[in-house]
Amino acid sequence: MNEFRTHINIRGLNVRHGSLRILKDITLDIPDRRITVVVGPSGCGKTTLLKSLNRLLDPSEGLRIEGQILVDGEDIYGPDVEVTHIRRKMGLLSQKPQVLPMSIFDNVAFAPRIHGLREKRTLARTVEHYLRLAGLWEEVKDRLATPASQLSVGQQQRLCLARGLAAEPGIILGDEPTSALDPQSSKHVEQRLVDLKSDYTVVVVTHILRQAKRIADYVVFLYLGEVVEHGPAEKVFERPRDSRTRAYLTGEIS
Amino acid sequence: MRSRTAGRKTGRPKARRYGHVPGSRLDLLGRQSPGWWRRRKIQETAFKALMGLSLFLVAGCLVLIVATIVWKGLPALKLSMIFRTPQGGFYLGKEGGILNAILGSLYLAGGATLLALLLSLPIVLYINVYTGRRSRTADVIRFSFDVLWGVPSIVYGAFGFLFMVFIGLRTSLLAGIITVALLELPIMSRAMDEVVRLVPRDLTDAAYSLGATRLETAFRVVVRQTLPGILTAVLIAFGRGIGDAASVLFTAGFTDRVPTSLLQPAATLPLAIFFQLGTPFPEVRERAYASAAVLTILILAISLVSRAAVRKYSKHAIR
Amino acid sequence: MILRFPNRSDRAAKKAKRTDDVLAVHKTGDPDPSRKRRLVKDIVARRFMFGLTLVPGFLVFVMLFGLFWKARAILAVKPLGRLLLGTTWKPSQGEFGMLAFLAGTLAVTVVAMVIAVPISLLTAVYLSEYAPRRIRNAARPMIDLLAGLPSVVYGVWGVLMIVPLVAWAARLFGTYSSGYSILAGGIVLAIMVFPTIIHVSLEVFSSVSKDLRDAALSLGANRWEVAKKVVLRKSRHGIVAAVVLGLSRAFGETMAVLMVVGNIPRVPKSLFDAGYPLPALLANNYGEMMSVPLYDSALMLAALVLLLVVLAFNVAARMILVRAERTAGG
C-alpha cells in the first residue's frame, strides 16, 4: 500500500450560495506529488472545490466559504494571507484554454514578469524551458512573437500549461483540462501531467472515468457536494466501499 | 477510518520544501526582491484611488447638476408659473408663466414620438421577424440607424428647416414634430432593436409551428414579449425629444400662446429656458432656473416611470 | 414554411373545399376561410414594412443631398479652401471665412476628450473589475440619467457653476477671463460625453470572459494587473470605438456649449479665451440668415461640414467595433 505525504489539507470546507450548500463538510488530504483525480457527476461541486483551492471563488457573488484549507502548513483563507501569493502557488488549467491576448512569448512570460523577472535573457531562457516542459517548444519556437490566439486548441492548452508552470507553483489544478481537446491533444496533455507529477502535486477534476483510471494515483469521489469516498486509485476503482461509488463506477449515475 | 496522515506521527501537515529535482523547476521567482511586491501593491492602490475618484466625480456631477438646478430653480418656481402663459412683458420681468412652453413641449414631443413609433416599430419588427438570420437588408438598416444616431440635433434642425421651406411650411408645431421625429427615430429604433433581437428563435418557431403568419407572430408574440423594452425605447426617445433645443430652434418657432393647431408655432421648454436665460433681467433669469428645474424634474419622472413600467409589464415576458 | 403564394393547385383545392363546405354541415370554428385573408394581410404588411425600411437608408442621403444643394450657392462663388480656412467672418460684407469656428470646435472637443477619456475609462474599469454588485447596479441608472439630461440643463448649470469657476481659475493663473471660454465649454462637454464612453466601454469589458480573468488571477496577478494587461488589452479596439463615438458626440453638441463658450468669432489662443464652435454658429444665426445674401448657404455649408465629420467618426467607430467582434481577441 502506498503511503502518501500530504500537501493540501482541507478541513471542514463548506461553501454556500445563499441557502444552497454547494460543498458540505469536505475534509480531505491531498497527497504530495501525486495525481489526485476528483470524479463525480456533473454539477456536484467539483469545479467549486477546485476553485476554493486557489481562492478563485468570488465572495461578492454571494458565496460563503467556511472551513480551513492548509497548504504547506498555512491556512490559505487566513486573515493575513496575501491572495496573489496563494494563487501563484497553484497553477490552473481550465477546461477551455484561456490564452491571454498577447504573443506566445508574452503568455509564458506573463507570470515571471509580474513577479519581478525582467532581464531579457533570463526571461527567454525561462520561456523556452517551460515551453519544452509542456511539450510545445518545437512547434512554436520560430513564432514566439505571434499572437497566441492563432494556435490550435490543443496547442493553446499546452501553452496554458507552460504559462502556469512558469509561475512556479507547487500544485497544478486541472478543471477538465482535456475535455475540449481532440483525442491526440488530450493524450499529449495527460502525458505531460503524468510526467510532471514528480515535481508537482496535481489535482485534476474530470468526468471521464477512463481518463481518471489512466492517470490517477489518488481518487476522490464527490457526489452532491460531499466526499463519498476517497483513497488510492486501485482501492477506489476496484474495491469501492460505498454503494454510490459503485453506482457511479458502473455508470448507473452520471 | 484509515489514517489520513499515514507516515506521520502528528496531524500537523509537514512544512514544505521544494525539492530540487534537476530539470523541472527553475526556481527563479523566489529570489526576487520584496520591494517588487510592494511596488505592485502600491501601483494597484494608486490606481484604485484614481478609479474611485473618477467614479465619485462622475456620480458627483450628476448629483451636483440636479441638485444645483433644483436648488436654484425651485424657490423661483411658483405654481402660477406652471399654469399660466406669458402675459405682456413676461420677458421683461412681468407676469405670466411658462404654460405655453410646457404644453408646447408636450404636444411636440408627444406628436414626434408617436410619429417615430409608427415608423420604428414596423421597421424593427421587419428586420427581426421577416428577414432571415444573416440578412443583408437587416445589416444595412442597422447600419443606417447607427449612422443616423450620431447625427447632431442641430443638423436635424437645419435639415428640418430646409425641408420646411421646401414644402412651404412655416415655423409650426408640425414642422417641429417632423424634425424631432427624425431625431427620435434612430434612438427609438436602436433601443427597440436591442430588445427585439433577444427574442429567442425557439419562441418564434413555436408560433410558426402553430400556423401563425409572420405578421401575427410579430404583433401577437414578439411585441407582447418585448413590451417592456419597447416601452422603454419609446420613453427614452420621448425624453430626448422633449429636452432637445437645437432641432426645434429653426422649425417650431416660439410663441407666447399655447398652440391650438398644427400649423401654429409652438414654444418649447428648452427654448423658453434659453431665451429667459439670455435676458439682462435677473428676475427673468430666476425664471429660467425654475423652468430648467421643471424640465429636469420632468426628465427624472420619465426615467422613473419607464423603470416602473418595465417592471410592471415584464410579467408576460418569458424568461 | 407557412407563408407561400397561393398557386393553382391551392386555389383549386380551396374551391373544392368551399363547395364541400357549402354542402357539408356547417362546422363551427373552421379556420380555413379566414386563412386566405390572413395570408393576404401578411403579404401586404410585408410589402408595406419593407417600404418603410427604405426610409432610414434614404434619409442619410437625402440629408446630405439637401444640405449640399443649399450650400451650392456659396460654393459657386467662393472656393472651398477660402471658406474653410479664411479667418474673416463678416457676412454682411460677404466674408465667410470659417476657420475661427472650426478652430473653436476643435479646441472645445480636444479639451473635452482630454478630460473625459481618462475619467471615463477609469470609471468603467472600476465598475467592471472592482465594484461590488450593489455599486454597479446603482451606477448604471446614474450614468443613464446623466446621458438623459437635456443639453439646455447642462447649459444652465454650466452658466451657474462652471463659468464662475473658470473665471476664478483664470485669476489664479494671472489672466482675466469672463469665464465664458473654451475651458468652460470643454468641461461641460466632457461631462456630457462621460456616459457615452463609459457605456460602450462597459459593454466591451463585459464581453471578456470571466474564465480569462480567472486564468490571469491564478497566475498570481492582482486585479489591477488583470485589468491592465488582460481586460484593457483585449478590449483595446472597443475602447478606441468608444472614444471615437464620444468624439462624435462632442463634435455635434450644440446648446450646452453655446451657453458657456462665449461666442466670439476669433480663433482661440488660450483655454481662457472665448470661442465659437460650428454648431453654435448655426444656432445663433438662424434668425439673420435669410436677410443677408449667401448667409443661409454658408450656414448650410457649415452644417454639411459638421454632418460629414460626425458621420465619418461614427462610421469609423462602427467599423472598428465590427472588426473587433470578428477578430475577437489577440
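Which domains does the domain assignment of chain B give? I began there, keeping in mind that this is a predicted model, and I noted domain 1 as 35-76 and domain 2 as 80-316. I then looked up the C-alpha centres of domain 1 of chain B and domain 2 of chain B, which lie 32 Å apart. For the contact of these two domains I recorded seven residues from domain 1 and seven residues from domain 2, and on the side of domain 1 that touches domain 2 I found five nonpolar residues, one polar and one charged.

Next I turned to chains B and C, whose contact takes 68 residues from chain B and 64 residues from chain C. On the side of chain B, the helices that each supply at least two residues include α3 (99-130), α8 (214-243) and α11 (282-313), while the largest share, 19 residues, comes from α1(B). Sorting that side of chain B by class, I wrote down 47 nonpolar, 14 polar and seven charged residues.

My last entry concerns a helix pair within chain C: the axes of α4 (residues 99-130) and α10 (residues 236-252) come within 10 Å and cross at roughly 140°. Because of that angle, α4(C) is oblique to α10(C), and I noted the crossing as right-handed. Among the residues that make the contact I listed Thr105(C), Ala112(C), Met113(C) and Leu121(C) from α4(C), together with Ile239(C), Gly246(C) and Phe251(C) from α10(C). By class, this contact of α4(C) with α10(C) has 10 nonpolar and three polar residues, with no charged residues.

Terms used
Residues numbered from 1 in each chain as written. Chains lettered and ligands numbered in written order. Predicted model: local features only at pLDDT ≥ 70, side-chain atom pairs only at ≥ 80, totals over all residues. Helix = DSSP H or I, 4+ residues; strand = E, 2+ residues; numbered from the N terminus. Nonpolar A, V, L, I, M, F, W, Y, C, P; charged D, E, K, R; others polar. Domains from an automatic or database assignment. Axes fitted to C-alpha atoms, helices over the stretch in contact; angles between N-to-C directions. Parallel < 35°, antiparallel > 145°, perpendicular 65-115°, else oblique. Left-handed = near helix turned anticlockwise from the far one by under 90°.
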